[in-house]
Amino acid sequence: MNDEKGLSLRSIDDVERLARIAVASNYTACRRPEEAAFLLMTGRELGLSPMQSLRGIYVVSGKPVLSADLMVAAVRRSGLCESWRVVESTPQRCEIETLRKGETVPARRVWTMDDAKRAGLTGKGTWAAYPAAMLRHRCAADLARQEYPDVLLGLYDPDEMDAAPAQPAVVESVPTLASIGI
C-alpha cells in the first residue's frame, strides 16, 4: 500500500517496524506493537494510508471501529460516491444525502436529538458540548454504512459501539507478533 508520499507497507516486517515506531512515539492510543499492527492491517484492507489508519481506527470492546470522518473519507475516495452533501446540520437535527454512482436517486439519512436520546447517547460529555457535530457524525456513519457496506466492510463508528475510542482491555495472555511466528 502506498500513500501520496510514497510510504509503503510491503511486508509484515514493514508493518511491524511501523507499529513499533507508532507505539514508541505515543502518537496513538496503542500501547503495544501488536495493537498498532492490527490497526495498520485493518486500514490496508480499506485502502487507507498507514497514518490514516493510526489516526482514524480504534479498538473498542476488541473490535476495530472507524471514526465517522474516516468513514466518509473512505466512501468519497472509493470511486463509488458521486456526491456527499450535508443538507442540514443544527444542534437538533442533521440530514445528509449521498448519491452512489449508478444510482439515480440520492439516499438520505436524518438524525435528531430525539434519536440520540432514544439511543442513550445524550448523557455523554461530547454530546452535551457539541450536539451538532455529534449528530453529523452519527448521521454520516449511518448513511455511509447503509449505502456503502462494500467499502466499510461492516465496521462501525466508536459511538455506535456505545463507547468512546479507548485502549482495548488488558488481557492476561495476548499473543505477540513473535509468539505467532511473525
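This is a predicted model: local features need pLDDT of at least 70, side-chain atom pairs count only at pLDDT 80 or more; totals for chains, interfaces and linings use all residues.
Which residues in H4 meet which residues in H7?

Residues are numbered from 1 along each chain as its sequence is written, and side-chain values use heavy atoms, with hydrogens and water left out.

Helices (H or I, at least four residues) and strands (E, at least two) are DSSP runs, numbered from the N terminus. Two strands pair if DSSP finds at least two bridges between them.

The open sheet has three strands in the order S3-S4-S5, with antiparallel pairing. Strand S3 (81–89) and strand S5 (107–112) are at the edges with a single partner strand each, so one side of each has no neighbour in the sheet. Seven antiparallel bridges join S3 to S4, residues 93–100, and Ser89 stands opposite Cys94 in S4. Between S4 and S5 there are six bridges, again antiparallel. These two strands form a hairpin with six residues between them, and Gly102 in the turn has a positive phi of about 95°.

Now the helices. The axes of H4 (residues 68–77) and H7 come within 9 Å and cross at roughly 40°; axes are lines fitted to C-alpha atoms, for helices over the stretch in contact, and angles run from 0 to 180 degrees between N-to-C directions.

Back to the opening question: Ala68, Asp69, Met71, Val72 and Val75 in H4 meet His137, Ala140, Ala141, Ala144 and Arg145 in H7, where contact means heavy atoms within 4.5 Å.
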